[in-house]
Structure formats: C-alpha cells, structure tokens
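This report walks through one protein model, from its overall layout to its salt bridges and surface. Please keep the sequence and the 3D view at hand while reading.

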Amino acid sequence: MSEVGKKLSGSLEDYVETIFLLQRQNLTARSKDIAERLDVRRASVTGALRALAKKGLVNYAPYENVTLTEKGNAVAREVLKRHNTIKRFLSEVLGFDEATSEKDACKMEHALSREVRERLKVFMDFVDLCPRTGSDWLSGFRHFYRDGGFRQNCAECVEACLVALK
C-alpha cells in the first residue's frame, strides 16, 4: 500500500472503499450516497472528503460528484482486497453467514496487523490450492466446531481420508 494509504484511519479507509464501490456501481459518488452507505451525517462526509482531498485521494468540490484519484483507486483496491480476504475466511472457512462475515470483515480489516493480514491471505491461497483442503476439509472443521471441538470417531475420519486419497 502507498505511504498515504498506510497513514489513513480506519474511518477514512471506509470512505475510500465506499467511494470506490459507488463509482464502480454508478461511475461517480455523491456525498448523499456516501452518507447513506456509511450511515453517517452529511457533515461528517464533507469533513472526510476534505481530508481525503488534502491527501490527494479524491477529487472533491462542494455540491459536485466525488471521484477517486489514481492514488485513491490504488488505496481503495488494497482496502477492498483486505476486506474480501477476511470476509472469505469468515464465511468459507469459519462458516459464518454473509451478513455476519460482511459486518465483521469491515471491522477487522482495520484492526489486524499487516503481518496477520498477509498470513491470512497466504492461508486462503493455501485453502484454494492444496489438494488436502477444500470443501471436505472445511466441512470437517464445521462438524468439529458443531460438535464442540470433540470428535468421537477420529479413527474413522482418518481412515475415510486415507481411502479418499487412494
């Protein structure tokens, strides 16, 4: 991420991400739409847009549509990638529903250290690529969780896995 992106608060990252998503959907973003999407007051949006404009991340003038600059787009793509990785982990690995995964990914994307985010990304790549993982492996975790972290038939499970590998 750029130096500017590293210095953004979680709140400003949310604004950049929201503007990016609105631009992708509508080609531009209006402060009204940003306020609605983030559930904040329009005055808060104005303050955030001024701060983002000073950092060179948005093109902003009062009563005009807002667009991201090239630098703003780069920051937004990075934030969105981080968000989507965490959301995938929550939904595909841990088995949370879509709404919970979305809400908690939004909180976690700002709180996790860079090292943890990178390791999580590598883990998700591993889940996608390793033949020993996949839907059976993830389903096994969900059963393990559902059963309270205890599996009475571990020997049968291991035997079934060995048979499946042959």
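Helices (H or I, at least four residues) and strands (E, at least two) are DSSP runs, numbered from the N terminus. The model is predicted: local features need pLDDT of at least 70, side-chain atom pairs count only at pLDDT 80 or more, and totals for chains, interfaces and linings use all residues. Residues are numbered from 1 along each chain as its sequence is written, and side-chain values use heavy atoms, with hydrogens and water left out.

**Overall layout**

The protein chain holds 9 helices and 2 strands. Read from the N terminus, the order is α-α-α-α-β-β-α-α-α-α-α. A contact means heavy atoms within 4.5 Å. Among the contacts in the protein chain with a separation of 6 or more, 53% join residues 24 or more positions apart.

Accessible areas come from the Shrake-Rupley method with a 1.4 Å probe; for residues, only the protein chains shown count as cover. The accessible surface of the protein chain is about 10,800 Å², and carbon and sulfur atoms hold 54% of that. Buried means under 20% relative accessible area, exposed over 50%, and partly exposed in between (1.4 Å probe, protein chains only). By that rule, 30% of the 166 residues of the protein chain are buried.

**Helix α5 and what follows**

Helix α5 covers residues 70–93. The expected span of a helix is 1.5 Å times one less than its number of residues. For the 24 residues of α5 that gives 34 Å, which agrees with the 34 Å between its end C-alpha atoms. Just after α5, Gly-95 has a positive phi of about 80 degrees.

**Salt bridges**

A salt bridge is a side-chain nitrogen of Lys or Arg within 4 Å of a carboxyl oxygen of Asp or Glu. The whole structure has 9 of them.

| Pair | N to O distance |
|---|---|
| Glu-78 and Lys-81 | 3.6 Å |
| Glu-102 and Lys-87 | 3.0 Å |
| Asp-125 and Lys-121 | 2.9 Å |

Why are Glu-78 and Lys-81 separated by about one helical turn? Because they lie 3 residues apart in helix α5. Glu-78 is partly exposed at 27% relative accessible area. Lys-81 is also partly exposed, at 45%.

Lys-87 counts as buried because its relative accessible area is 17%. Glu-102, at 33%, is partly exposed.

Asp-125 and Lys-121 are 4 residues apart in helix α7 (residues 114–129), so about one helical turn separates them. Asp-125 is partly exposed at 29%, and Lys-121 is partly exposed at 34%. Elsewhere, salt bridges that share partners join Lys-87, Glu-98 and Glu-102 into one network.

Patches are made of residues with over 30% relative accessible area and no salt bridge: like charges are joined within 9 Å, nonpolar side chains (Val, Leu, Ile, Met, Phe, Trp, Tyr) within 5 Å. Which residues form a nonpolar patch on the surface? They are Leu-94, Phe-96, Phe-141, Phe-144 and Tyr-145, with about 490 Å² of accessible area together. Phe-144 belongs to helix α8 (residues 135–146). Its relative accessibility of 36% makes Phe-144 partly exposed.

Lys-107 lies in helix α6 (residues 98–111). It counts as exposed, at 52% relative accessibility. Lys-107 and Asp-14 are 93 residues apart in sequence, yet their C-alpha atoms are 9.8 Å apart in space.
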